[in-house]
Structure formats: structure tokens, C-alpha cells
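Hi everyone, thanks for coming. I'd like to walk you through one model today, so please have the sequence and the 3D view open as we go.

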Amino acid sequence: MISIKAFANEDDGLVVWAADTNIPDCLGFAIERRLNGKSGRLRNYVGFPGQTGDSRPSTEWPFQRWKWTDHTVSPSDRIAYRVTAMIGTPDALTAGPSSGWSDEMVAKPGSPIGAHFNRGITASQWVARKLGEDTVANHPANLLTAIKTPGDPLREALAGELREALLAILDRAIAGTAEIYAALFELSDPELLDRLVKLGPRAHVVLANGAWKQKGKPPVDENKDSRAKLLHVVDLHDRMVHSGLAHNKFMVVVEGGQPTLLWTGSTNWQPTGLCTQANNALVIEDAAVAGTYLAQWHALVAAGSGYPHELRLA
């Protein structure tokens with residue numbers, strides 16, 4: 001008997017399975033997915049030694065493992081999975097025992113706490129396929145250009161649903177009357193910078209000077225160009241440190257004078273943070289939690305470029 005479980009976030013499905021007894025001559029498993037009511041086999045990009053081709057159905061190139069992450073899921077998809085043991089030899093496979101279908105799920109973040117992720121791993125087959133001959137190793141500048149260009153398909157694929165979630169929050173604020181309070185370590189992404197400019201004085205930004213690399217010398221401003229674009233446009237507060245890092249990456253949305261939503265996590269607001277580093281974000285729709293971060297924002301403003309004792313207590 002094969003047991004199966006599946007899990008989903010906003011745009012991925014994770015399927016895991018186990019057999020309660022040994023399956024003789026099993027070379028792997030075919031994965032069948034039911035997507036929005038329609039069934040089909042997942043394809044695998046790794047075959048057996050000596051076999052060639054870009055990909056094949058997993059009935060021919062079975063997954064040689066006990067779990068698989070399905071990155072071809074889109075937000076709001078309804079998904080379920082079933083696995084079948086593939087038995088025989090690499091060139092002559094037949095279907096063996098199967099699991100039942102996993103429970104159907106909807107791909108979406110949680111509420112009131114939602115997790116969001118990008119796909120920022122450039123050393124992967126799908127990135128190489130998108131770049132073609134212009135691989136990361138051969139032409140790294142092509143990748144850097146892509147991730148800095150709004151609308152570029154590779155940028156959007158790497159940034160994933162995380163980028164979409166952040167832009168949606170900012171766009172809702174722009175369209176309404178909300179204000180945002182952000183404390184940022186690095187800021188250079190063109191889409192995010194553009195949203196802050198559109199918010200104008202409704203954007204309150206504590207902006208640090210980024211990564212510190214020259215010990216003993218005056219602080220270098222990694223965010224110099226972005227700071228110049230925001231100056232006299234938003235409510236800007238400089239935090240120029242030369243000891244440690246002003247490593248904040250959070251934003252609070254305030255509506256009607258009350259904090260309503262918090263954005264936090266590992267993502268820096270720059271193209272590499274969105275696209276070429278594996279990052280995450282949490283969206284917490286809780287007034288008390290958002291209020292705690294808003295108080296921290298004000299503590300950072302009061303601290304300026306220093307590390308007073310009061311900041312540690314905030």
C-alpha cells in the first residue's frame with residue numbers, strides 16, 4: 001500500500017508518499033496531478049543513464065524519490081495528486097501499485113498570516129532553459145539585466161508570487177488613502193521604488209545605507225541613487241550606520257490612523273533580493289502585531305544613525 005499526503009502554499013504543491021512494504025523492481029514513481037478538475041501526468045527532466053531528451057512523462061522517466069515539489073502551480077489552482085510505482089527496467093516500465101488521490105487543496109496563502117516565496121535560485125535547470133545559450137555562467141550580465149527590467153519574463157518568474165504580493169499591497173495603498181511605514185536595509189528595485197514615489201508623502205521610509213564593507217571608514221551609501229529619488233518626495237529618514245547593519249526589512253500599512261497589516265521576512269527591496277536569492281515574506285493582518293512594528297519604526301526614527309539603549313528595548 002502507498003500512502004500519500006500533499007501540501008500547498010500560494011503557488012507550489014508539495015507531495016510526499018511512502019510504501020508500507022518493499023516494491024520489487026521499482027525504479028521510481030509516476031505522479032499524476034488533478035488540476036482544476038483535469039488530470040494529467042507530471043513530466044520529469046531527469047531520466048536514466050544513457051537516455052536523452054529534455055523531459056518525458058513521469059511514466060517513462062519516473063521520479064526517483066519519495067517527495068516532489070510542483071512549481072507549475074498558480075495561485076487559486078485546485079490541486080490533488082496520485083503516485084504510481086513504475087516497475088521493470090529503464091526501457092520497459094509498467095505500472096505497479098498506486099496511492100489514492102490526496103485531498104484536494106487550493107493554492108493560496110494563509111490568513112490572517114500568509115507566507116509568500118520567490119523562486120530565486122539561478123543554478124537550476126529551468127533558469128538555464130530560459131536563458132538558453134546565454135547561461136548564467138556564460139553571460140551573467142544578461143541575467144542581471146533581466147532581473148532589473150520590469151516586465152521581463154525571467155524577472156517575473158524568479159521573483160514569483162512574492163513580488164506579486166508585495167506589489168499588490170503597495171498598489172492597494174496607492175489606490176486608496178492608506179499610508180505605509182517602511183524600514184529598509186537595501187532599496188534599488190525599480191518597481192518598488194516607483195510605488196514609493198507614487199505614494200509620495202503617504203510613504204514614510206527609514207532607509208539605511210545597505211551593506212557595510214569598509215571598516216574604519218565613513219559609511220558608504222549603497223542606496224545613494226534611490227535616496228536621491230525619494231528625497232523631498234516621501235517622508236524620508238536616513239539611517240547611516242558604520243557599526244553593524246541596519247538590517248530592517250519591514251513595512252506597516254496604516255489605514256484610518258490604525259495599523260492593519262505587517263509585511264516582513266527575509267526579502268531586501270532590490271532586484272537580487274527579489275530574484276536571485278531564495279527569500280520569503282510574511283504578511284500578518286493583525287492590528288496588535290502591526291502596531292508593535294509601527295512602534296519599532298518610530299524608535300528607529302528617534303535613533304537616527306545610532307544604537308541607543310532605548311532602541312534595544314523597543
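**A walk through the model**

Let me begin with a contact between a charge and a ring: the charged end of Arg 239 sits over the ring of Tyr 307, 4.8 Å from its centre. There is another such contact, in which the charged end of Arg 34 sits over the ring of Trp 101, with 4.4 Å to the ring centre. Please keep in mind throughout that this is a predicted model.

Now let's step back to the whole chain. It has eight helices and 17 strands, and its C-alpha atoms fill a box of roughly 70 × 45 × 35 Å along the principal axes. Of the 314 residues, 42% are buried. If you take contacts between residues at least 6 apart in sequence, 66% of them join residues at least 24 apart.

Next, the sheet I'd like you to find. In what order do the seven strands of the open sheet run? The order is S11-S17-S16-S15-S12-S13-S14, and the pairing is mixed. At the edges you will see S11, residues 113-117, and S14, residues 235-239, each of which pairs on one side only. From one strand to the next, the twist averages 15 degrees.

Zoom in on S15 and S16, please. S15 covers residues 249-255 and S16 covers residues 258-265, and the two pair in the antiparallel sense over five bridges. One place to look is Glu 255, whose bridge partner in S16 is Gln 258.

Helix H3 lies across S11, S12, S15, S16 and S17, running at about 125 degrees to S11. Helix H7, residues 287-303, also packs on the sheet, where it touches S12, S13, S14, S15, S16 and S17. The direction of H7 makes about 80 degrees with that of S16.

That brings us to the rings. How many aromatic pairs are there? The count comes to five.

Phe 250 and Tyr 293 form another edge-to-face pair, at 5.2 Å centre to centre and 75 degrees between the planes. Because Phe 250 lies in S15 and Tyr 293 in H7, the pair ties together parts 43 residues apart in sequence. Tyr 293 has 28%, so Tyr 293 counts as partly exposed. Elsewhere, ring pairs link Trp 17, Phe 29 and Trp 66 into a cluster.

My last stop is helix H4, residues 190-199. Its buried residues are Glu 191, Leu 192, Leu 193, Arg 195, Leu 196 and Leu 199. As a reminder, an α-helix has 3.6 residues a turn, so residues three or four places apart point the same way. What covers the buried residues of H4? The cover includes helices H3, H5 and H6, along with strands S12 and S13.

Both ends of H4 are worth a glance. Asp 189 caps the N-terminal end, with a side-chain oxygen 3.2 Å from the backbone nitrogen of Glu 191. Just after the helix, Gly 200 takes a positive phi of about 60 degrees.

That's my tour, and I'm happy to take questions!

Methods
Residues are numbered from 1 along each chain as its sequence is written. Side-chain values use heavy atoms; hydrogens and water are left out. Buried means under 20% relative accessible area, exposed over 50%, partly exposed in between (1.4 Å probe, protein chains only). Helices (H or I, at least four residues) and strands (E, at least two) are DSSP runs, numbered from the N terminus. Contact means heavy atoms within 4.5 Å. A polar contact is a pair of N or O atoms within 3.5 Å; within protein, one must be able to donate a hydrogen and the other to accept it, and residues adjacent in sequence count only if both atoms are side-chain atoms. Two strands pair if DSSP finds at least two bridges between them. Axes are lines fitted to C-alpha atoms, for helices over the stretch in contact, and angles run from 0 to 180 degrees between N-to-C directions. Rings of Phe, Tyr and Trp (its six-membered ring) pair if their centres lie within 6.5 Å; planes under 30 degrees apart count as stacked, over 60 as edge-to-face and the rest as tilted. A charge sits over a ring if NZ of Lys or CZ of Arg is within 6 Å of the ring centre and within 35 degrees of the ring normal.
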